[in-house]
Amino acid sequence: MPPRSSLLRRLSTHRDTNLATLLGVLRSPQASSTPLPHALSRAFPSPSDAFPLHTLPDLLPRLPSPLLSLRFLLWRLPPSPPLPSPHTLSSVAASLPDLPSAVPLLLSTSQHTLLLPHYSLLLAISAHAGLSPVSLAILRHMRSFGISPDVACFHSALRVAGSPGDVSAVLDIMSTSGVDPTVPLIVTAVHKLAYGGDFEGARCLIDKMPEFGCVANVVVYTALFDGMRAFGDVDAAMGLLEEMEGGGLGAGCVPNVVSYTCLVKCLCERGRMVEALSVLDRMVARGVMPNRVFVRTLVDGFCAAGGDGSLDSAYGVVERLVVDGALSSGQCYNVLLVALSGAGMAGEAEGLAQRMMKKGVQLSPLGGSAMVRELCRGKRWLDACYWLRLMDDDGVLCDSDVYASVLLGLSEERHILEASALVRKAMDKGICIEASCADCLVQLLKQHGEEELASHVLGLRRSPQVLSH
């Protein structure tokens, strides 16, 4: 039996009526003579009702061919803005089979040119799949048929560009299409060029901005700076920052807190912690105040460096900022709590949390969740349960995955009384647990004969995430 017929027969046993009807359309003798979109529209007047978005990742790879999967997708998603959410596009891109071959085949076999929104959809899916060659093929196909991509199309292609050559190719097609880049697109292109080591090309693009009716600003130069950092050229990045500080690049190009955060990240990645710490004085002297992201980056660097000296420096940064009033004590200490937890310092994190509570500084949901996760990694289930109870008494609600992890650990270790109390607490707070975790927990509890507790856990079960129609 041919593979296609075998697959159709296997799928036709599926209980889903709409899927069975879809397979009927595919089997129909009219399928070869009648355009597929027309045949599908006759069978399914309301595509979103017949095939909700959340069902597509499961359906697409089960269709008879990658080409048919793409054609079905273009029919299912009508050619009208806006595009589906990034999460939906990512899920669809991951489920589509053999995209590198399927997209070019679709373009070469289509009897008519696609609509611009469908090209946009293909570019967005290719970007989420990380397929720069496919994105370039789509743009070239559009150009060959005289279809002018809009800026959003070029931006999708740039986001997935894997090399300076890919960036240049996208910009060349853009130029021949008569489309001028916008500032956000230039920011993306500059960062991609610098990330690939083409600093000269990035600077040339910035210099051309007036030709496109754009003005260079600190965002563009920070993108260049961050690209240099990511490429690994610290000296080039430092040189650019000095240019920005000198004012020679323009009044709107002086460094801001994002620029200095990039510098700190660059220095921390290379263990140059003394220089990283000096950036705080450098920026404050220029009237740029640190924000929470800057502090997190610097404190993370010290915690990751390890050693008593680095840990003392992390505490020193936080204490200084609390005294200076740059950030609130709650913001500063919770940043440190997250950093300590992320560095695997559960004991230090607990000690800090205790001191915070004694001083009346409330733990944040982010800080508390980070600490409890680290306790879970160390299989300290009772300690984790204790902290959840303390934070709950203080009005701090941790993330649902934290409750799920602690419940699983308590159940595995047969701490049923603690697990029961935590389940009741979660029910009172309206906390839901991901379906897969809840099912695992229920199975475990039933194995231990805890049928009543298992029934309570079912009440916390969250259905799998459903994507919007």
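User: Thanks. How many aromatic pairs does the structure hold?
Analyst: This is a predicted model, and the structure holds seven aromatic pairs. One of them is formed by Phe44 and Trp75, whose ring centres are 6.1 Å apart with the planes at 55°, so the pair is tilted.

User: Where do Phe44 and Trp75 lie?
Analyst: Phe44 lies in the loop between α3 (36-43) and α4 (47-50), while Trp75 lies in helix α6 (residues 66-76), so the pair ties together parts that are 31 residues apart in sequence.

User: And are Phe44 and Trp75 buried or exposed?
Analyst: Phe44 is buried, and Trp75 is buried as well.

User: What about the rings of Phe51 and Phe72, at what angle are their planes?
Analyst: The planes of Phe51 and Phe72 are at 90° and the ring centres are 5.2 Å apart, so this pair is edge-to-face. Phe51 sits in the loop between α4 and α5 (56-59) and Phe72 in helix α6, and the pair links these distant parts of the chain, 21 residues apart. Phe51 and Phe72 are both buried.

User: Which residues do ring pairs link into a cluster?
Analyst: The cluster linked by ring pairs consists of Phe44, Phe51, Phe72 and Trp75.

User: Which residues have the most contacts inside the largest nonpolar core?
Analyst: Those are Phe72, Phe294, Val299 and Val406, in a core that has 161 residues. Helix α17 (residues 257-269) gives the most to this core, contributing eight residues.

User: What does Val299 touch, leaving aside residues up to four places away in sequence?
Analyst: Val299 touches Ala314, Val317 and Val318, and also Val335, Leu336 and Ala339.

User: New topic. How do helices α22 and α23 pack?
Analyst: Helix α22 (residues 346-358) packs with helix α23 (residues 365-377) at an angle of about 145°, and their axes are 10 Å apart. The crossing of α22 and α23 is left-handed.

User: Which residues meet there, and what classes are they?
Analyst: From α22 there are Ala346, Ala349, Glu350 and Ala353, and they meet Met371, Glu374 and Leu375 in α23. Sorted by class, the contact of α22 with α23 has five nonpolar residues, two charged residues and no polar ones.

User: Let me step back to the whole chain: how many helices and strands are there?
Analyst: The protein chain has 28 helices and two strands. Of its 469 residues, 46% count as buried, and the C-alpha atoms fill a box of roughly 75 × 75 × 30 Å along the principal axes. Among contacts between residues at least 6 apart in sequence, 65% join residues at least 24 apart.

User: Back to single residues. What is the phi of Lys379?
Analyst: Lys379 has a positive phi of about 60°, although this residue is not a glycine. Lys379 is placed in the loop between α23 and α24 (381-393), and with a relative accessible area of 60% Lys379 is exposed.

User: And Arg414, where is that one?
Analyst: Arg414 is in the loop between α25 (400-412) and α26 (416-429). Its phi is near 65°, a positive value in a residue other than glycine, and at 45% relative accessibility Arg414 counts as partly exposed.

User: Last one: how far is Thr55 from Val92 in space?
Analyst: From C-alpha to C-alpha, Thr55 and Val92 are 9.7 Å apart in space, although they are 37 residues apart in sequence. Thr55 is in the loop between α4 and α5, and at 25% relative accessibility Thr55 counts as partly exposed.

Methods: Residues numbered from 1 in each chain as written. Predicted model: local features only at pLDDT ≥ 70, side-chain atom pairs only at ≥ 80, totals over all residues. Heavy atoms only, no water. Core = buried A, V, L, I, M, F, W, Y, C linked by side-chain atoms within 4.5 Å. Buried < 20%, exposed > 50% of the residue type's maximum accessible area, 1.4 Å probe, protein only. Helix = DSSP H or I, 4+ residues; strand = E, 2+ residues; numbered from the N terminus. Contact = heavy atoms within 4.5 Å. Phe/Tyr/Trp six-rings, centres within 6.5 Å; stacked < 30°, edge-to-face > 60°. Axes fitted to C-alpha atoms, helices over the stretch in contact; angles between N-to-C directions. Left-handed = near helix turned anticlockwise from the far one by under 90°. Nonpolar A, V, L, I, M, F, W, Y, C, P; charged D, E, K, R; others polar.
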